[in-house]
Amino acid sequence: MSTFEPAVLVLEDGTVYEGSAYGARGTTFGEAVFVTAMTGYQETLTDPSYHKQVVIQTFPHVGNTGVNDEDDESRDYWVAGYVVRDASRISSNWRSTEDLETRLKRLGIVGISDVDTRALTLRLREEGSMRVGIFSGEEASTDHATLLEQVKAQPRMEGSALADEVSTTSAYTVEPQGEKKYTVVAYDLGIKGRSPFHLAARGMEVHVVPATTMFEELKSYNPDGVFFSNGPGDPATADHQVEVLTRVLEEKIPFFGICFGNQLLARALGFETYKLRFGHRGINQPVLDVETGRVEITAQNHGFAVDAPIGEPVNAPNEKFGRVQVSHIGLNDNVVEGLACLDIPAFSVQFHPEAAAGPHDSENLFDRFARIMSEA
């Protein structure tokens, strides 16, 4: 463990937590969010959906298995900052190639440890998500009022268009495992590596394309299906992707979306989205599958949600797409967790069926995607 250096965390409501510098030294800002997962911190840190967010780990002991070169879910570590209570002093796992703090330092990710993360999480649950700053090094000694003004000067997550910032800049292909059965165009809105892996495992040739890809280029692949990934930011800003998706639905190309993709399907159908009070983030979120009555434990990472009526099927506000039903419901707070189109081949879920790290209850959704392509 490195020598103690002071650090402070300042929420936009003026609440201050003092702790120890962890990771890189310096200053960082973002939206404060808490993650309820007990494991999988490397997958969390490399999830592009956490772009511009300061992640608070509710599990108290972090870093004990180090990090390795195989479990990254994307090409970078995207979190704006990292908050833990007890940082492990050693890395004890045969797969570890580096300890967590060393990697955070090397990548320039500013963090803080020795913070009462339980109290911090309760604060966010009571008051809602807030902007936050972490200050270490020389900045840690600055008076708190000055630091608070810096926090309040930062942009809010509402209205932030971030998918283009984390997307690939050029298309690439993930080859199918075994015999090729389908061609799929996957929009990288912040895609995690396990998504194309699961698609390819079902015989899909996956063309991962930038978030800015036009519909005409999508069509040039002659796809059997289209996939929209998870991603960061406010879905209300993703007008280009909604326009593309609208044309996909009009041509009845089978569609599957997860997380951000679920919110964009909702917008294409004519529904609204809204900011959750503190979001859902972790690998232990219970969701009801309305059709089967089965409760699945899911991995989630979203701060926005879909405003659609729960219950019987309804006509989509964009009437040309026919009937829609809320297919999945979050059991903690009755948030819409999925949409199923009944007259066109399209569906989506708000959670992460690829679940790295996390439960595997919902992997069958990739099979469902293959099935609707086969039926189409």
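Modeller: Glu250 has a relative accessibility of 39% and therefore counts as partly exposed, lying between the 20% and 50% limits. The model is a predicted one. The side chain of Glu250 meets that of Lys320 in a salt bridge, with N and O 2.4 Å apart. Glu250 belongs to helix 8, whereas Lys320 sits in the loop between strand 17 (314–315) and strand 18, so the bridge ties together parts 70 residues apart in sequence. Lys320, at 52% relative accessibility, counts as exposed.

This pairing is part of a set of 22 salt bridges. Another joins Glu70 and Arg95, whose closest N and O atoms are 3.0 Å apart. These two residues lie 25 residues apart, Glu70 in the loop between strand 5 (61–62) and strand 6 (81–83) and Arg95 in the loop between strand 7 (86–87) and helix 2 (100–107). Glu70 is exposed at 64%, while Arg95 is partly exposed at 28%. In a further bridge, Glu296 and Arg294 meet at 2.9 Å, N to O. Here Glu296 is buried, with a relative accessible area of 3%, and Arg294 is partly exposed at 41%. Shared partners also connect Asp69, Asp72, Glu98, Arg103 and Arg106 into one network of salt bridges.

Beyond its sequence neighbours within four places, Leu339 is in contact with residues including Leu265, Leu269, Val324 and Phe347.

The annotated site comes from an unreviewed UniProt entry, which lists Cys259, His352 and Glu354 under "active site". These residues span 96 residues of sequence yet cluster in space, the largest C-alpha distance being 11.2 Å. Of them, His352 is included in the lining of the largest cavity. Cys259 occupies the loop between strand 14 (255–258) and helix 9, and is buried at 2% relative accessible area. Among the residues that Cys259 touches are Asn230, His302 and His352. Glu354 lies in the loop between strand 20 (346–349) and helix 10 (364–375) and is buried at 1%. Its contacts include Arg194, His198 and Phe366, and a polar contact of 3.3 Å joins the side chains of Glu354 and Lys192.

Notes. Residues numbered from 1 in each chain as written. Predicted model: local features only at pLDDT ≥ 70, side-chain atom pairs only at ≥ 80, totals over all residues. Heavy atoms only, no water. Contact = heavy atoms within 4.5 Å. UniProt positions renumbered as here; feature names shortened; annotations may be inferred. 1 Å grid on protein atoms, 1.4 Å probe; cavity = no way out; pocket = protein on both sides within 12 Å on 5 of 7 lines; lining within 4 Å. Helix = DSSP H or I, 4+ residues; strand = E, 2+ residues; numbered from the N terminus. Buried < 20%, exposed > 50% of the residue type's maximum accessible area, 1.4 Å probe, protein only. Polar contact = N/O pair within 3.5 Å; in protein donor to acceptor, adjacent residues only side chain to side chain. Salt bridge = Lys/Arg side-chain N within 4 Å of Asp/Glu carboxyl O.
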